[in-house]
Amino acid sequence: MSPLLRGARVQLRVIGALATRETRTRFGGHALGYLWALAEPLFWVLTFYGAFVLLNRRTPENLDVVGFLTTGIVTYELVIKTQERASQAISANRALLFYPQVQTLDLVFARVALELATYVVVFAVILGGNAIVRGELELASPLYVALGLVLATALGGSLGLLLCGLQLVFPTIERMKGPLMRPLFWTSGLFFTAHMLPLRVRELLLWNPIFHCVEIVRGGWFRGYRDGYESVGYVLAWILALSFFALTLERSVRHRIEVT
């Protein structure tokens, strides 16, 4: 085995161990453990499902309500929660950096991997349960759904890594990012599709890469979904640009982390 492959294998083991530790830290202290991860997105889906029923509101193209809400809310939550967890990875685990095998990026990658695994399970449980209740599984393209969720994770992870580095230079960013992120909840397509929007509004909202991730997941989930507005290349461009700036920044501020 070449030194490069041996090194990659060691780092993967480190990331796996960190993800396991993170899982025990986050869920091990609760009576319901891992089920808490399901509670928040399920609460949002059920809340808005109730609102749809009470207001007698229809989904676009008469899509299944639970499927429509879940593909939007879970995808959005995957981006936002991954960003949040990744941006706090170093501050919450700084003591682990005293171990020579643990690098700053390992802490971020471990949290990103855990968020992806958690939300894939949440996605499968909610929509699997809905399929059992309805007696019908509506899944047009599993690969396209997986692509959308992976892009959402990478987008959140790259943004979180950038914020993680920026917070070391400008600590006030941690307080500012919440209000700055909040408008994305209403502009990422959780409650509407790109097709139903007026042209000018659609062109404006499609600058938001999270909206593309939601459209990709819905295009993979619903048969006959009117997609074609999403762009995988556009989301990848965001991920590459954010990763470039994040890794450059991480390299330049790494010494501040190691001496603390």
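**Exercise 1.** Determine the handedness of the crossing of α2 and α5, and describe how these helices meet.

*Solution.* The crossing of α2 and α5 is right-handed, a term used when the near helix is turned clockwise from the far one by less than a right angle. The contact, meaning heavy atoms within 4.5 Å, involves A37, L38, P41 and L42 on α2 and T118, Y119, V122, V125 and I126 on α5. Of these residues, eight are nonpolar, one is polar and none is charged. Next, α2 (residues 35-54) and α5 (residues 104-134) pack at about 60°, their axes being 10 Å apart, and the two helices are therefore oblique to each other, a class that takes the angles left over when under 35 degrees is roughly parallel, over 145 roughly antiparallel and 65 to 115 roughly perpendicular.

The model is predicted, so local features need pLDDT of at least 70 and side-chain atom pairs pLDDT 80 or more, while totals for chains, interfaces and linings use all residues. Residues are numbered from 1 along each chain, and side-chain values use heavy atoms, without hydrogens and water.

**Exercise 2.** Describe the packing of α5 with α6.

*Solution.* The axes of α5 and α6 (residues 142-169) come within 10 Å and cross at roughly 145°, and this crossing is right-handed. Among the contact residues are L105 and F123 of α5 and V145 and G157 of α6; the whole set divides into nine nonpolar, two polar and no charged.

**Exercise 3.** Find how much of residues 112-133 is helix.

*Solution.* An unreviewed UniProt entry annotates residues 112-133 as a "transmembrane region". This span is 100% helix and 0% strand, with its end C-alpha atoms 32 Å apart.

Notes: Axes fitted to C-alpha atoms, helices over the stretch in contact; angles between N-to-C directions. Helix = DSSP H or I, 4+ residues; strand = E, 2+ residues; numbered from the N terminus. Nonpolar A, V, L, I, M, F, W, Y, C, P; charged D, E, K, R; others polar. UniProt positions renumbered as here; feature names shortened; annotations may be inferred.
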